[in-house]
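Open the model in your viewer and keep the selection tool ready.

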Amino acid sequence: RPVIRGAIRAGDVAHVDGGRPGTGRWGGGRHDGEMAAIGVFCGSSSGSDPVFAEAATALGSTLAAGGHRLVYGGGHVGLMGVVADAVLAGGGGVTGVMTEQLVAAEVAHLGLTELEITSSMHARKARMAELSDGVIVLPGGFGTLDEAFEMVTWNQLGLVAAPVVFLDVAAYFAPLFDFIEGTVAAEFVSPANAALARRASTVGEAVRLAIAAPEAFTPKWLG
């Protein structure tokens with residue numbers, strides 16, 4: 001069984017590392033290319049095409065082989081369970097972060113290195129951001145996109161400095177990047193901010209981008 005840490009109160013979220021969001025950055029603590037903690041956002045389903053699970057397995061195996069730690073949502077279902085199992089099979093460490101509600105629903109992975117339990121989804125996402133040096137996004141649904149774009153937005157505002165990389169398995173994210181290009185054309189998103197959502201076509205490229213030092217960036221409203 002994993003090491004289980006107690007619930008993190010929602011009120012604690014604004015004081016990660018002793019500072020409120022906006023007064024300092026959390027996430028993105030190490031970008032030396034070695035022993036990084038990589039957050040992975042992905043579906044709680046496996047999708048219709050086996051290639052999605054194959055990519056999740058390949059990603060987990062690559063993270064373990066590189067000595068990187070997986071930080072993810074803590075579930076045993078869907079692509080979440082696939083990537084966690086692959087990291088564990090490769091001898092890697094896995095930290096799951098899950099809400100009390102989802103633990104009670106019995107979807108928590110009980111074979112992890114450690115499982116942190118939060119009181120809310122807001123606290124869960126903030127804790128994953130705090131723990132992750134970079135983020136890789138696998139195919140998923142609304143929850144996956146919510147997590148991914150919150151991290152992109154926090155990068156945009158200077159609250160975190162953690163690369164966000166979409167692993168575009170079987171062109172799954174192609175329509176999403178078409179949408180992002182449309183937001184730039186309509187002048188709702190600047191080209192610099194759009195570039196915060198990175199895109200990779202292979203597992204190796206995704207990991208390389210996620211562990212790389214973030215490029216110099218002036219947060220929105222500060223430049």
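Select Phe173. Phe173 is buried, at a relative accessible area of 2%; buried means under 20%, exposed over 50%, and partly exposed in between, with a 1.4 Å probe and protein chains only. This is a predicted model, where local features need pLDDT of at least 70 and side-chain atom pairs count only at pLDDT 80 or more, while totals for chains, interfaces and linings use all residues. Residues are numbered from 1 along each chain as its sequence is written, and side-chain values use heavy atoms, with hydrogens and water left out.

The ring centres of Tyr172 and Phe173 lie 5.1 Å apart with planes at 80°, so the pair is edge-to-face. Rings of Phe, Tyr and Trp (its six-membered ring) pair if their centres lie within 6.5 Å; planes under 30 degrees apart are stacked, over 60 edge-to-face, the rest tilted. Tyr172 is partly exposed, at 37% relative accessible area.

Now select Phe166. Phe166 is buried, at 0%. The count of aromatic pairs is five. Phe166 and Phe173 form an edge-to-face one, 5.1 Å centre to centre and 80° between the planes.

Phe52, Phe149, Phe166, Tyr172, Phe173 and Phe177 form one aromatic cluster.

Which residues line the largest cavity? Select Phe41, Lys125, Glu147, Glu150, Met151 and Trp154. Helix α5 (residues 142-156) gives the largest share of that lining, four residues. The lining has three nonpolar, no polar and three charged residues.

Notes
1 Å grid on protein atoms, 1.4 Å probe; cavity = no way out; pocket = protein on both sides within 12 Å on 5 of 7 lines; lining within 4 Å. Helix = DSSP H or I, 4+ residues; strand = E, 2+ residues; numbered from the N terminus. Nonpolar A, V, L, I, M, F, W, Y, C, P; charged D, E, K, R; others polar.
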